[in-house]
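Here is a short report for someone meeting this structure for the first time. Please look it over alongside the text below.

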Amino acid sequence: MSVTAPLRRRLSVAVALAAAAAVFLTAPGGPVRAEPGDAVGGEGGTKTLAQVLDSAGRGYLDAKATLDASKKRQLALNLQLGAAQSRLDAMLVEVGVVASASYRIGRLSTMTALLNSRSPDAFLERAETAELLAQRDDAKLRELNAARTQYLRAKARVDAEVKEQAKQVQIMRRKKNDAERALVAVGGRATGGFVSASSPIAKPAPRNSDGSWPRESCIIEDPTPASGCITPRTLHALRQAQAAGFRRYVSCFRSGGPYEHPKGRACDFSSERNSFGGHATGSARRYGNDLAAYFVRNADKLGVLYVIWYRQIWFPGSGWKSYSGSGGDPSSDHTNHVHLSLY
């Protein structure tokens with residue numbers, strides 16, 4: 001009894017400590033918080049909404065990239081068109097001078113050279129002159145026709161770019177409307193949102209030569225506490241945010257859920273330093289406001305699909321809209337973390 005009693009007491013103390021630790025770690029005020037996807041309400045919204053936002057966002061950014069590339073081509077084509085117009089105008093003046101002279105004195109032909117020549121040598125000289133003048137006139141006409149053809153081709157290319165731009169603007173408008181209808185269905189309405197002209201400027205993520213976003217796979221090991229993979233563009237956005245001073249707790253990959261987390265194209269940036277806490281207040285909320293504004297200002301540089309923070313969502317072309325989570329908890333309402341989804 002003298003040996004087993006102390007052992008039993010130690011075992012009882014160990015069990016009690018383990019139970020207390022478990023209660024402490026899972027209590028609302030404990031230092032360890034559930035990941036947003038593990039909370040009661042998850043990330044909020046619905047699978048359908050997430051799919052619409054993904055499809056609409058990618059379609060919108062694809063159309064915008066095509067539109068921007070078309071505008072760049074149009075600038076170059078406008079320069080070509082201007083040069084072609086100048087050459088055509090100059091040729092019209094030159095041909096006009098030739099035509100005016102021919103009208104006044106008549107065009108010198110071989111017959112007139114023969115009739116007006118007093119000797120064979122004079123005839124040959126006048127015939128050569130007539131030939132040279134005819135060649136000059138024909139060359140001017142050919143140059144005029146070439147200038148006119150160059151102008152018409154340049155104008156046709158400019159017109160084609162303008163038509164392409166109108167097409168892409170329509171696509172962007174349609175994708176924007178798709179996203180807004182999906183948000184209205186869950187109570188979305190226009191808000192002031194989070195915007196700051198003083199947000200740091202991010203380095204742009206790599207694009208294709210035509211300005212479009214390259215398709216990327218989940219091939220890079222997630223450097224955040226979440227185990228999994230992310231895309232190169234997600235890593236770039238994460239590193240740029242950290243370089244701008246946003247270094248609090250982040251979790252990216254998650255195997256489940258309707259958002260881009262399982263694809264390695266989303267990250268949750270906590271407003272707390274070491275975990276996901278409750279509803280952000282004070283400095284934590286200001287941190288989230290600044291981070292959301294940073295992603296919005298650099299959306300085109302980073303390839304942002306949408307940003308969610310504090311019951312609001314930002315979508316390209318639409319601005320900030322109200323956003324209600326399904327669970328009413330900090331994760332669903334995004335009041336403890338900024339959600340970033342990328343192309």
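## A residue in helix H4

Val-162 sits in helix H4, which covers residues 120-184. Helices here are DSSP runs of H or I with at least four residues, strands are runs of E with at least two, and both are numbered from the N terminus. Val-162 is partly exposed because its relative accessibility is 40%. The scale is this: buried is under 20% relative accessible area, exposed is over 50%, and partly exposed is in between, with a 1.4 Å probe and protein chains only.

Gln-74 is 88 residues away along the chain, yet the two C-alpha atoms are 7.8 Å apart in space.

## Basis of the model

The model is predicted: local features need pLDDT of at least 70, side-chain atom pairs count only at pLDDT 80 or more, and totals for chains, interfaces and linings use all residues. Residues are numbered from 1 along each chain as its sequence is written, and side-chain values use heavy atoms, leaving out hydrogens and water.

## The chain as a whole

The chain has seven helices and eight strands. Of its 343 residues, 41% are buried. Among contacts with a separation of 6 or more, 73% are between residues 24 or more positions apart.

## Two disulfides

The structure contains two disulfides. A disulfide is a pair of cysteine sulfur atoms within 2.5 Å. With the bonded cysteines numbered in sequence order, the pairing is 1-2, 3-4.

Cys-218 lies in the loop between H4 and strand E1 (220-221), and Cys-229 in strand E2 (residues 229-230), so the bond ties together parts 11 residues apart in sequence. Cys-218 is partly exposed, at 23% relative accessibility.

Cys-252 and Cys-267 make another pair, with sulfur atoms 2.0 Å apart. Their S-S torsion is about 95°, so this disulfide is right-handed. Cys-252 is in the loop between strand E3 (250-251) and strand E4 (266-270), while Cys-267 is in strand E4, 15 residues apart. Cys-252 is buried at 0%, and Cys-267 is buried at 2%.

## Helix H5

Helix H5 spans residues 232-243. At 1.5 Å a residue, its 12 residues should span 16 Å, and the end C-alpha atoms are 16 Å apart, so the two agree. The expected span is 1.5 Å times one less than the number of residues.

H5 is mostly covered, with nine of its 12 residues buried. Among them are Leu-235, Ala-237 and Leu-238. After H5 comes Gly-245, with a positive phi near 105°.

Notes
Contact = heavy atoms within 4.5 Å.
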